[in-house]
Amino acid sequence: MKDLTTFLQHVSGVGFGLVGLLALLEWWRRRDRETAYLALALGLFGAVSLMGEVLRDTGLTRADGSSTAPPVVAAILGLLSLGMFMACGYALLLFRHALLPLSRRVLWGTAGLVVLVTLLILPLTFDPSVARSNPALALAAISLLFLVWIGCVGEPVYRLWRVSRRRPAVQRARLRALATGYGIIIVVLVFAVGVASANPGKPNDPNSPVNLIVQLTILVALPILYVSFAPPRWLRRAWRASEEEAFSDALHDLLLESPDTHVLTDRALAWAIRLVGADGGVVLDADGTTLAARSMDDHLLQEVSASPQPGREGVPSRLPDGHRVMAIPLTLSSGTGRMVVVAGSLTPALAGEEGVRLSQYAVSVAAAIDRMRLVEAVRRSEDELRNVNRDLEGRVLSRTAELELSNRELQASNRELEAFSYTVSHDLRSPLRAIDGFTRILTEEHGSKLDPDAARYLDLVAENARGMGSLIDTMLTFSRMGRQPLTLQKVEPREIAQRVADRVLVDLENRVVEITVNPLPAVQSDPVLVEQLFSNLVGNAVKFTRERKVAKIEVGVKPDPDAPGVTSFYVKDNGIGFDPRYAHKLFGVFQRLHRAEEYEGFGAGLAIVERIVTRHGGRAWAESVQGEGATFYFTLQPAPAGVLPAQD
């Protein structure tokens, strides 16, 4: 057991020396103040450990800790070891100060206490006979030394562990690894002082199982301390796995669920800050306008806005006032904007993997901003059209003589808007095909060179491009609805509704769905559009009853409560329903009352229903009790008496 304990003691001494050397190399690579203090703390502790092993191997130190070197040499070596040991503890306190600032009074007071205790121990270093003649006094002095050292180290351990709870996964794991490694060292030192107090003047027995356990415990701290300042990439991915699902959901909502550009950029900035653990940030448009800002005072915002344009990817820079920032370019259709994040005191560095992830994330954000601006442009056009329509209706009522001229103006406006919507939707296809094509080329030709994160981000880009393609198809369908000419004839809605129900039931082999089609009166309408009308409503009912064991859907008619003598058609289901307070949003284009991940679609189906009904001179509305199903109503012109159905 003695040999094993001695071997483990050598391994731990050399191991701490190696950890200190690696910490110094990490500082040399990054050259920042935080890493310098941590490298100093670990480097000095490693030097003390390595020095002890060298002295034991050369025979200058006996197993009981006494020295065989000449008194002057022994005193100098002891003073050097003592000074480095106390300095490594104070260096960790400085590392804590660099992350979470302390008052100057605390720093100077602690430094004075460290120096005072070191001076009190000096007599034992220069005159070992004092320790041999009075072991109790020597133990008390050494215990005081360790208490001061543990105080310098223990407070940062506690504080870093506590603040780690609110940090991103990688930073949280690194701070806790550092706190855990030093915590193990503190426990071992406290245990060693306790054993020495129980047996003053007696050296530790190398054959004792306690010494073996102590050495094994110390060895556990080595890899933990190493990953605190230089964790490998695979370990970073493992730490970050808990955040990936939330990040994917947020990215999906960011691209498809944001209601406007302001909300979109604010959410995007919040996730950018969270992604790297920054303290604040700003999103700037191509013209320098602030689109969103978080935790930015006026002075800092002015500094960031006036700073140079984005530089090399993943490389942070410093502002004149000392803040460290990273500016990521946003390639927008209107020019190049910027996403700028400001590093916090707890952010080790905005470089390397975090910087690359932020750059990849910025690509999706830029695409989302352009998409939202296109949607807002379409919305503004529709609002303008509604205003024009209201104005024209007022003119028709007030100026009967100008009815024909007003109608021509309205038709021209409608044609221009339909052509505009169709052109906008059509022109979106080319960049989407390019995005999808280039991501496919990157995956096929360079997939083996990409790490898993980069490959997954490419898949996300391609998936969102395809999703936007589906959205464009829906926009085109909605656009065509206004240009398709009506072929009016006598139509039997019951036959059409039954045909739609039969077609829907074929694709529902794993569900129990009951569709009842009651007798329906004939109408004067376009049979193709009426079939699409029933397809949308029945399909909608099938989608929102998927949570029911037995889905029940009914098609029928009842009198219109707001128009005496008019018959209204209805499609009723026992699905989840909707909040009746938001019923006015149902028939708006791209309006949704449920989340996209719960129920697929883009919210255009009911808008198409309303467009068809409106073109036939009718109206559409809906009623619901949330959780108890919904009923959708519409009216169509009845077929004139004696009119026969058109023959093929």
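Modeller: Contact here means heavy atoms within 4.5 Å, and helices (H or I, at least four residues) and strands (E, at least two) are DSSP runs, numbered from the N terminus. This is a predicted model, in which local features need pLDDT of at least 70 and side-chain atom pairs count only at pLDDT 80 or more, while totals for chains, interfaces and linings use all residues. Residues are numbered from 1 along each chain as its sequence is written, and side-chain values use heavy atoms, with hydrogens and water left out.

Colleague: Which elements cover the buried residues of α15?

Modeller: Buried means under 20% relative accessible area, exposed over 50%, and partly exposed in between (1.4 Å probe, protein chains only). In helix α15, residues 493-506, the buried positions are P493, I496, A497, V500, A501 and V504. Their cover includes β6, β7, β8, α16, β9 and β10.

Colleague: Why do the buried residues of α15 line one face of the helix?

Modeller: On the other side of α15, E495 and V506 are exposed. The arc is taken from the directions from the helix axis to the C-beta atoms. Seen down the axis of α15, the buried residues line one face because they fall within an arc of 135 degrees.

Colleague: Which residue in β12 is the bridge partner of Y570?

Modeller: Two strands pair if DSSP finds at least two bridges between them. Strand β10 (residues 567-573) pairs with β12 in the antiparallel sense over 5 bridges, and β11 (residues 620-624) also pairs with β12 in the antiparallel sense over 5 bridges. W621 stands opposite Y633 in β12, and the bridge partner of Y570 is likewise Y633.

Colleague: Why is β12 described as largely enclosed?

Modeller: From β12, A630, F632 and F634 point one way, T631 and Y633 point the other way, and all are buried. The strand is largely enclosed by the rest of the structure because the buried residues number 5 of the 5 in β12.

How values were computed
Expected span 1.5 Å × (residues − 1).
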